[in-house]
Amino acid sequence: MVETFFDSILYVFLFFTLYLEVVFLITFFEERLKLGTEKLKEKLSYYPSVTIIVPCWNEEKTVVKTVDSLLRLNYPKNKLEIFVIDDGSTDQTWDVVQKFSKHPQIKLFRKENGGKHTAVNFGIENSEAELIGCLDADSFVDKDALHEIAAAFNEDPKMMAATPMLVVHEPKTILQKMQKTEYHMGAFLKRMLSPLDAINVTPGPFSIFRHEVFEKIGLYKKAHNTEDGEFALRMQANHMRIRNVHTAQVYTSTPNTLYKLYRQRLRWSYGTMKNTLDYRFMMFRREYGILGMITLPLSFFGVFIFLYNFSFVAFHAVKVVIEKAIEISTVGFMFAIPKASLFFINTDFMAILSYIFLGLGLVIILNGVKLAEGRVSASSGIFYFLFLYGIVAPIWFIRAVINVIFSRGTSWR
Amino acid sequence: MKHIREKIETKKYVLAFVITVMVFFGALLISNHFSETRIAEIRAVEDKISLDILSSETQFALLKESSCKAIDHSTAFSEELSSLAAKLSYMENNLGDSDAAVTNLKKYYSLLQIKDYLLTAQVNQKCGIKPLTIIYFYSNKDGECMDCRKEGYVLTKLREEFPEIRVYSFDYNLDLSAVKTMKSIQGVQNKLPALIISDEPYYGFKTAEELEKIIPQLKKLRLEHERAAKAAATATSTKK
């Protein structure tokens with residue numbers, strides 16, 4: 001009885017998840033002709049003026065590389081200015097950036113430490129450019145990224161913000177390779193949410209906004225250490241269009257250890273849930289389109305669904321492991337090796353559904369790879385993602401849920 | 001500014017819903033189809049075994065007066081029964097023990113085992129061989145027999161090591177008169193796992209070593225196996 005009850009809940013969740021996968025794949029089918037990865041070769045008819053803000057707090061090791069990547073951007077020099085804003089660093093950041101003090105495109109600012117969003121706000125207030133963006137000091141841009149984004153702004157005057165395609169920079173550890181595939185999948189989903197006007201975050205690395213956005217809805221404000229998410233939701237609440245430009249690539253460094261990844265993801269998942277709660281008035285409201293009907297409910301309830309499915313899989317996995325352990329302890333290892341036979345391939349309803357999920361998941365991942373790298377290729381990251389993500393993600397999801405329930409904030413670092 | 005946002009195209013989401021329902025029920029149909037194929041496979045094996053037993057019985061009746069060696073009731077037959085047992089228990093785990101088709105197959109299987117048991121006993125008696133049979137009563141009911149699973153592993157191992165052993169396993173709670181009669185003839189009490197070896201009941205979990213002590217022939221068999229393996233090894237090495 002109890003088992004049937006839990007199984008039924010799982011079936012309902014699986015149905016919803018499958019439904020979402022189908023929605024994404026239909027959108028993919030509709031969008032298929034617009035998903036080319038070729039960069040624009042011709043010059044733009046108009047180059048809007050752009051300010052890129054680089055907020056830094058103790059980034060002495062990476063800030064120069066970040067600024068250099070901005071200087072290499074394929075964009076007219078007189079239309080692009082770079083604000084390096086030292087948010088009260090306690091290391092050598094300020095000294096390191098002095099090498100740019102004479103550069104005509106670069107302005108250096110130093111302020112008291114107040115958090116990343118205050119540094120960005122400081123930059124916005126000092127900018128008069130038509131487009132304003134920000135690039136975290138742990139990220140680097142592809143040289144055509146701004147060109148691609150400016151072209152998209154020219155093409156769609158109603159577009160108020162553009163988000164780039166985030167790619168993991170030089171993954172080395174298993175966790176980073178896992179994140180590479182995760183980002184590929186995220187890139188695909190973001191690109192599919194884009195035409196549905198359902199993007200719920202304008203990520204720190206190289207999201208670009210029209211100046212008027214800040215005039216209309218104000219600057220960044222403190223929001224559970226995920227100010228990017230809050231700002232995107234505020235834009236959405238004001239029906240401002242956010243689009244994803246998948247040809248604008250930004251390379252970002254990712255946490256290389258489990259603890260660092262845990263800290264980052266705890267901040268993200270806690271912040272996303274809290275921001276979603278703050279903007280819950282949009283949830284299930286048809287006037288907010290797919291954002292209200294799918295993205296927001298998913299970013300809040302998705303965590304619970306994930307954890308439920310995870311506990312279900314974990315419960316059964318533990319059961320299997322215990323049984324196998326009993327078998328091995330009873331008859332020894334050699335006799336406990338299962339016999340290979342087609343008869344024993346699992347074809348339960350649940351198993352077949354899992355095969356379908358896995359298949360559709362792979363279609364999504366491989367299309368994400370294609371979107372990011374221009375061609376489909378298998379990598380070890382896919383393997384790590386499929387087998388590792390389900391094991392590590394519950395660590396931060398469980399903690400995030402606990403923190404949301406008890407309203408415990410997270411810290412940046 | 002509201003007109004900027006993409007409207008929800010109801011048609012698309014209804015289509016996605018229809019596709020999802022189709023995939024969901026498609027998965028259900030495929031899964032049922034595979035279950036049915038498996039049940040048919042088990043039934044076919046059972047039918048074959050039934051035919052084999054009938055053939056052996058007939059052979060036995062025909063050859064009553066002549067040499068007992070001519071009767072073809074080999075150990076390969078016992079292997080067939082044991083692989084069938086593995087498949088049946090797999091289906092029982094997957095479809096649940098309340099599934100009517102599985103229960104019927106299990107009853108059929110139990111009957112085949114009893115028939116094989118009787119035939120083997122008759123053949124052994126005629127030829128004066130000491131029978132090497134284990135009758136095993138277990139239960140799958142939750143909490144009724146914690147050690148039955150372990151005993152099952154031990155018996156499977158023994159059966160693999162010594163194909164000469166015939167293990168007949170019966171679900172203690174199976175609602176089948178023949179099994180009930182078997183229980184009462186052997187005088188089995190509800191203390192599971194229960195093993196009947198040479199008409200002697202043994203209750204509680206027994207390890208492979210304990211069983212080897214109870215059945216002394218196993219030692220001899222092991223020696224014979226080792227000798228045969230050695231002979232085979234030298235044969236292949238001289239060939240080289």
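Hi everyone, a definition to start: two residues are in contact if their C-beta atoms, placed from the backbone, lie within 7 Å. In chain A, among contacts between residues at least 6 apart in sequence, 82% join residues at least 24 apart.

A word on the source. This is a predicted model, where local features need pLDDT of at least 70 and side-chain atom pairs count only at pLDDT 80 or more, while totals for chains, interfaces and linings use all residues. Residues are numbered from 1 along each chain as its sequence is written, with chains lettered from A in the order in which they are written.

Now the fold. Chain A has twelve helices and eight strands, taken as DSSP runs (helices H or I, at least four residues; strands E, at least two) numbered from the N terminus. Its C-alpha atoms fill a box of roughly 75 × 45 × 45 Å along the principal axes.

Inside, 42% of the 413 residues of chain A are buried, meaning 20 or more other C-beta atoms within 10 Å of a residue's own. Beyond its neighbours within four places in sequence, A:Val54 touches residues including A:Val63, A:Ile82 and A:Leu135.

Finally, the partner chain: 30 residues of chain A are in contact with 32 of chain B. On the chain A side, H10(A) gives the most, seven residues. Thanks, everyone!

Technical notes: Buried ≥ 20, exposed ≤ 12 C-beta atoms within 10 Å, placed from the backbone.
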